[in-house]
Amino acid sequence: EGLSSQSLYSTAVAHEKKRDYNAARRIYAGLAEGADDGAAPDGRNFLQWGRMEARLGKLADARRVFARGLRALPQNTQLMHAWAVTEMRANHPDEARHLLKYALEQDPSDGLLYQSLALLEQQQGGLKAAREMLERGTDADPRNVYLWSARGVLESRLGRYSEALPLFAKATELDRWHVQSWQARGVALEKLGREEEAADMFENAIEADPSSVPTLQAYGLMQARRGNVDSARSLFAKGSELDAGHAPILHAWARMEEGVGNYTTARALFKRGVEAEPRSVALLKAWAKMEVSIAEVGEKKGWSVSQQMAPAKLEKVEQRLEVLRLMIEQRSEDDLKLVMTWLERQRLRKGRESLDKVLRIGEQTPGEWREGVEYSFAPGRQFAEGELVVLAARADSETGSRPQMFGRVGEKIGALELRVAFKEGKGLGSASGKPAGKGTILAGKGAVWDTVNIGEVGKILLSRKALADKLVGG
């Protein structure tokens with residue numbers, strides 16, 4: 001005697017779990033043929049089979065299975081809903097809407113159908129239609145906690161926190177253990193500035209489910225925003241103890257520690273988060289942003305290594321490079337490019353900010369900049385009003401050094417001002433009243449102006465972008 005349909009179904013599910021999809025498919029197909037031959041059809045068989053084909057990306061096969069199931073069971077709303085969800089995920093909203101509305105005609109009291117239709121309308125930008133659908137749902141199924149909570153979530157997403165509160169309250173009234181609604185009430189109250197009441201809601205949520213890591217994260221974030229660092233740290237720590245691989249709470253905890261200057265702790269938390277969720281762009285981006293913000297930019301570059309570097313400094317650089325190593329090891333090529341492009345933008349922004357500080361009138365040029373590469377004192381250079389130049393004092397008789405600083409034509413350096421002079425008597429002449437040569441620089445004040453020796457004034461050769469890039473080790 002053969003196996004029962006229940007045993008065959010369980011065997012097919014076991015094959016599917018082991019990823020032996022062909023074996024599972026053969027059994028599902030056999031059970032469906034049995035229904036065609038007069039055996040009682042089992043909706044679970046078509047439901048499981050259709051979902052398997054959808055997960056494997058075989059949309060046409062999934063449609064055939066669901067349609068076959070509905071021919072055998074024309075009023076099975078579970079099959080209609082599963083087919084609609086498959087169409088939603090395939091970005092076919094019209095087909096999904098048609099199936100869900102047809103399912104509601106079969107069972108107008110099914111709250112899940114209202115919720116799914118509302119989600120579809122919301123995804124398509126029909127917020128008014130989504131609200132109306134959820135209202136119809138609570139009218140049809142007034143004790144459905146999930147519908148009341150969904151109504152509150154929709155209002156919260158629209159920033160209508162006052163309107164969301166009574167909806168969440170109704171959900172918690174119907175089910176005092178519905179932790180998501182308690183948590184959502186807390187978030188809404190904090191948004192309204194009612195922080196003490198929000199804390200009570202978070203406490204109620206924890207009482208309803210002490211192991212709810214998302215609740216501990218949301219509560220911890222509120223405490224961190226209020227400046228209650230110790231309380232936030234305790235909540236984050238409890239959550240990560242409950243679920244050591246919960247990347248979002250590690251992310252939130254790391255950002256808080258970064259905010260209070262605990263970079264070593266933040267770095268360790270970022271690393272734990274990335275190990276738990278290696279595909280998280282948000283985590284890697286936040287970690288990289290922290291490393292960029294604390295890396296030294298300037299003469300000692302925060303991302304470079306040299307043999308002369310002190311051990312403590314070397315350790316800091318190695319820690320910063322660790323995030324880049326993790327990106328390379330754990331990201332796909334496209335995602336790595338995304339994060340590295342963002343990191344490069346941050347690096348160049350830092351370089352531009354540093355360049356603005358370096359290029360101040362009267363400031364000395366960076367020690368590693370070399371004449372003839374960054375700027376030149378060679379004859380024949382042409383200067384213009386407003387141009388940034390490099391001035392060199394006469395060489396020291398003992399050391400031979402020649403201090404160099406920045407100046408700008410038309411602006412003062414201390415008591416002196418630089419001006420550009422042109423030939424043919426245009427512009428300002430020298431102190432003797434004779435016109436200076438084309439493109440030469442005059443220094444002076446009032447009516448007394450002298451030509452600056454060509455060996456004491458230089459023209460910057462690199463663009464601002466190139467200078468900024470040099471400051472960050474490009």
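Reply: The chain exposes about 25,300 Å². Carbon and sulfur atoms supply 49% of that area. Accessible areas come from the Shrake-Rupley method with a 1.4 Å probe, and for residues only the protein chains shown count as cover. This is a predicted model, in which local features need pLDDT of at least 70, side-chain atom pairs count only at pLDDT 80 or more, and totals for chains, interfaces and linings use all residues. Residues are numbered from 1 along each chain as its sequence is written, and side-chain values use heavy atoms, without hydrogens and water.

Some context comes next. Of the 474 residues in the chain, 43% are buried. Buried means under 20% relative accessible area, exposed means over 50%, and partly exposed lies in between (1.4 Å probe, protein chains only). The chain has 20 helices and 8 strands. Both are DSSP runs, numbered from the N terminus: helices are H or I with at least four residues, strands are E with at least two. Among contacts with a separation of 6 or more, 50% join residues 24 or more positions apart. Contact means heavy atoms within 4.5 Å.

Now the close look, at helix α1. It covers residues 5–17, which is 13 residues. From its first C-alpha to its last, α1 reaches 18 Å, close to the 18 Å expected at 1.5 Å a residue. The expected span is 1.5 Å times one less than the number of residues. Which residues of α1 are buried? They are Tyr 9, Ala 12, Val 13 and Glu 16. They cover an arc of only 100° around the axis, which puts them on the same side of α1. The arc is that of the directions from the helix axis to the C-beta atoms. An α-helix has 3.6 residues a turn, so residues three or four places apart point the same way. The buried residues of α1 pack against α2 (21–36) and α3 (43–55).

What follows α1? Arg 19 does, with a positive phi near 65°. Arg 19 is not a glycine. Most residues other than glycine have a negative phi. Arg 19 is found in the loop between α1 and α2. At 67% relative accessibility, it counts as exposed. Asn 91 also has a positive phi, of about 65°, and is not a glycine. Asn 91 is found in the loop between α5 (77–89) and α6 (93–106). Its relative accessible area is 58%, so Asn 91 is exposed.

For comparison, take helix α14, residues 229–242. It has 14 residues and reaches 20 Å, close to the 20 Å expected. Its buried residues are Ala 232, Leu 235, Phe 236, Ala 237, Gly 239 and Ser 240. They pack against α13 (213–225), α15 (247–259) and α16 (263–276).

The cores come next. A nonpolar core is a set of buried Ala, Val, Leu, Ile, Met, Phe, Trp, Tyr and Cys residues joined through side-chain atoms within 4.5 Å. The largest has 39 residues. Within it, Tyr 28, Trp 49 and Leu 100 touch the most other members. Apart from it lies another core, of 37 residues, including Ala 198, Phe 236, Ala 247 and Leu 250. Phe 236 is also one of the buried residues of α14.

Two single residues are worth a look. Ser 149 lies in helix α9 (residues 145–157). With a relative accessible area of 8%, Ser 149 is buried. Leaving aside neighbours within four places in sequence, Ser 149 is in contact with Phe 168, Ala 171, His 178 and Ser 181. Asn 204 sits in helix α12 (residues 195–208). It is partly exposed, at 24% relative accessible area. Asn 204 and Trp 182 are 22 residues apart in sequence, and 6.5 Å apart in space, C-alpha to C-alpha.

Last, the sheet. In it, 4 strands form an open sheet in the order β1-β8-β2-β3, with antiparallel pairing. At the edges stand β1 (375–376) and β3 (404–408), each with a single partner strand, so one side of each is left without a neighbour in the sheet. Two strands pair if DSSP finds at least two bridges between them. β2 (residues 388–392) and β8 (residues 457–460) pair over 3 bridges. β1 and β8 pair over 2 bridges. Lys 459 in β8 stands opposite Val 389. Ser 376 also stands opposite Lys 459.
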